[in-house]
Amino acid sequence: MRVSMDIELKDIPGQLLLALRPVSELKGNLISVVHHHEKRTPRGSIPVQLVFEIKPDKLNDIVSSLEESGIDIVRIDEKRFFEHGAVLLIGHIVHTDIQDTIDTIDKTGYAEVVDLNLSMPKINMASSASLKIDAISKEHMESAIALLREIAKKKDLLVIEPIKSIGVA
Amino acid sequence: MKTIRVSVIGFGAVGQGVARVLIDKKDYLEKMGLDFKVVAVADSRTAVIDDNGVDLSSVLVRKQNEGVVGSEKITGLEIIETIDHDLVVETTPTNIVTGGVGLQNMLAAFKHGRDLVTSNKGPLAMKYCELIEAARAGGSHFRFEATVGGAMPVLNLAKDVLAGNTITNVEGIFNGTCNYILTRMTEEHAPYEQMLAEAQELGYAETDPTYDVEGIDTACKLVILANCVFGMNASHEDVTITGITKITPEALLLAQNEGYAIKLIGEVNDSRINVSPKLVPIDHPLAVGGSLNVASVQTDLSGPITVTGRGAGSIETASAILSDMISIYRD
Ligand SMILES: NC(=O)c1ccc[n+]([C@@H]2O[C@H](COP(=O)([O-])OP(=O)(O)OC[C@H]3O[C@@H](n4cnc5c(N)ncnc54)[C@H](OP(=O)(O)O)[C@@H]3O)[C@@H](O)[C@H]2O)c1
């Protein structure tokens with residue numbers, strides 16, 4: 001996942017290096033560092049913004065490592081939904097409670113339905129819907145689609161997924 | 001010159017295509033040092049036998065005019081069992097319930113040590129391992145490129161051309177009828193039933209389209225791929241299948257708006273054999289239209305290799321049979 005983090009460094013040499021070390025040690029991928037050297041916080045420290053990608057289970061280690069080095073973390077913002085996927089549904093989508101279908105995905109916490117297009121030709125005829133789903137990672141996207149497949153089976157809906165060779169993106 | 005004595009069992013679209021390419025390619029084959037001498041031809045009711053070589057042109061004419069290949073009452077199976085020859089070209093109808101006469105023909109050919117080339121996927125989808133074992137026991141060459149994807153080379157591509165690579169996934173469109181119907185539904189924004197009727201009128205779909213549109217034909221081809229390329233021991237009960245009958249024009253339009261086409265995709269890898277409609281990005285190599293087939297073979301060394309071509313047709317299917325015949329006897 002992608003994490004954006006505001007930290008504050010003491011105004012002594014070597015602090016930035018100290019702050020970046022855990023990201024690389026834990027195999028994170030640093031995307032940007034914004035270092036406001038001319039700015040000072042009321043506490044006299046230097047505000048820095050880091051953006052990096054990291055496996056979700058490693059984020060806590062980074063936080064503790066920074067805290068051990070005496071670096072203040074002011075804000076962590078996980079840009080959680082990194083994977084984007086599309087899925088089509090065909091069947092009695094509305095009759096079978098589309099809201100419930102969407103809620104089930106949203107409730108997972110790792111995936112969300114971010115867009116829905118519904119096409120209903122005539123009453124009593126099968127309708128079609130295209131769903132856009134965002135998820136934390138590829139694996140989570142796969143789980144979300146698997147979940148959708150389960151719901152669809154119960155509701156007798158046809159799920160059309162993307163082909164494998166493009167993954168689920 | 002190497003003379004190979006051949007029987008052609010089944011003389012419909014494919015059997016006749018084989019006769020035509022053997023006539024058209026006679027010089028080409030002679031230059032390779034190959035003389036395929038057809039000593040017997042059989043359809044469902046009659047046969048023609050000539051130890052000095054059947055005149056294929058007149059058999060084609062007779063089949064056209066009278067609906068039969070000859071006047072002999074001997075069956076294809078009896079030809080395989082009793083006439084002295086090297087190679088059986090088996091092109092009888094596909095039967096996936098019992099394996100049909102094709103299964104008997106194949107087993108008989110191997111029992112008599114004859115080589116066999118076929119386009120008939122039924123027996124292979126049902127009894128793959130048994131057939132391979134019977135061919136081995138008979139010391140027979142057994143090739144069946146035409147069973148998967150017609151003119152489009154998939155089996156020989158994966159087995160021979162890409163030798164040395166480990167194949168991790170094969171994904172593609174293996175049924176021209178379904179591709180035609182879905183392509184036309186998208187173009188005309190028309191319902192499934194209407195485009196099925198059009199496909200039937202144009203001869204792209206059978207009167208009973210179940211086998212194609214429910215994904216069973218694709219499943220049979222995947223079983224052959226799974227067994228031949230992935231070394232599995234699968235039969236068509238191992239395939240999860242969803243056909244195209246529920247696809248709506250609205251779904252195709254929604255997909256199109258998101259940049260996708262909907263295609264009936266067959267997929268084989270170590271963990272599953274699946275046939276179902278899938279979203280294919282419009283600019284992806286698998287997004288071929290009309291009645292084309294396409295296959296993308298994922299390899300460990302060379303990445304993805306994609307081939308596309310005509311999955312059916314008399315001459316096209318005969319071309320795959322001819323290439324199998326040549327590969328057995330060349331050198
Ligand atoms: N057509 C294609 O494009 C295509 C592509 C790939 C694979 N295939 C496969 O290739 C095979 C042949 O297809 P096709 O399109 O040529 O089918 P077809 O036109 O129906 O021809 C089948 C032929 O087999 C003959 N036959 C039936 N029972 C027989 C028996 N007991 N002994 C001897 N001959 C018998 C039929 O005789 P009659 O003429 O007397 O009826 C006919 O000549 C099928 O298994 C098919 O699935 C076809």
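Guide: We start at the contact and then follow the chains away from it. This is a predicted model, in which local features need pLDDT of at least 70, side-chain atom pairs count only at pLDDT 80 or more, and totals for chains, interfaces and linings use all residues. Residues are numbered from 1 along each chain as its sequence is written, chains are lettered from A and ligands numbered from 1 in the order in which they are written, and side-chain values use heavy atoms, with hydrogens and water left out.

The contact takes 21 residues from chain A and 23 residues from chain B. Contact means heavy atoms within 4.5 Å. The size of an interface is often given as the accessible area lost when the parts come together. Here the buried area is about 1900 Å², and carbon and sulfur atoms give 67% of it. Buried area is the accessible area (1.4 Å probe) that two parts lose on being put together, summed over both.

Polar links come next. Seven residue pairs are in polar contact between chain A and chain B, both residues at pLDDT 80 or more. A polar contact is a pair of N or O atoms within 3.5 Å; within protein, one must be able to donate a hydrogen and the other to accept it, and residues adjacent in sequence count only if both atoms are side-chain atoms. On the side of chain A that touches chain B, the elements giving two or more residues are strand 5 (83–91), strand 6 (111–119), strand 7 (127–135) and strand 8 (158–162) of chain A. Helices (H or I, at least four residues) and strands (E, at least two) are DSSP runs, numbered from the N terminus.

One salt bridge crosses between chain A and chain B. A salt bridge is a side-chain nitrogen of Lys or Arg within 4 Å of a carboxyl oxygen of Asp or Glu. The crossing pair is Lys132(A) and Glu258(B), at 3.2 Å from N to O.

Asp115(A) sits in strand 6 and Lys132(A) in strand 7 of chain A; the pair links distant parts of the chain, 17 residues apart. Asp115(A) is partly exposed at 31% relative accessible area, and Lys132(A) is partly exposed at 32%. The cut-offs are these: buried is under 20% relative accessible area, exposed over 50%, partly exposed in between (1.4 Å probe, protein chains only).

Stay in chain A. Arg149(A) forms a salt bridge with Glu161(A), with 2.7 Å between the closest N and O atoms. Arg149(A) lies in helix 4 (residues 138–154) and Glu161(A) in strand 8 of chain A, so the pair ties together parts 12 residues apart in sequence. Arg149(A) is partly exposed at 38%, whereas Glu161(A) is buried at 15%.

Now cross to chain B. Arg310(B) and Glu316(B) form a salt bridge, their closest N and O atoms 2.9 Å apart. Arg184(B), Glu187(B), Glu188(B) and Glu198(B) are joined into one network by salt bridges that share partners. Over all chains, the salt bridges come to 23.

Next, helix 9 of chain B. In this helix (residues 192–201), Tyr192(B), Met195(B), Leu196(B) and Ala199(B) are buried. Seen down the axis, the buried residues of helix 9 of chain B fall within an arc of 105°, so they line one face of the helix. The arc is that of the directions from the helix axis to the C-beta atoms. Glu193(B) and Glu201(B), on the other side, are exposed. The buried residues of helix 9 pack against helix 8 (176–188) and helix 10 (210–213) of chain B. Just after helix 9, Gly203(B) takes a positive phi of about 80°.

Helix 8 of chain B holds Thr177(B). Thr177(B) is buried at 8% relative accessibility. Beyond residues up to four places away in sequence, Thr177(B) touches Tyr204(B), Ala205(B) and Asp212(B).

Last, the cysteines. A disulfide is a pair of cysteine sulfur atoms within 2.5 Å. The count over all chains is zero. For Cys178(B), the nearest cysteine sulfur is that of Cys220(B), 13 Å away. That is too far for a bond. Cys178(B) is buried at 1% relative accessibility, and Cys220(B) is buried at 0%.
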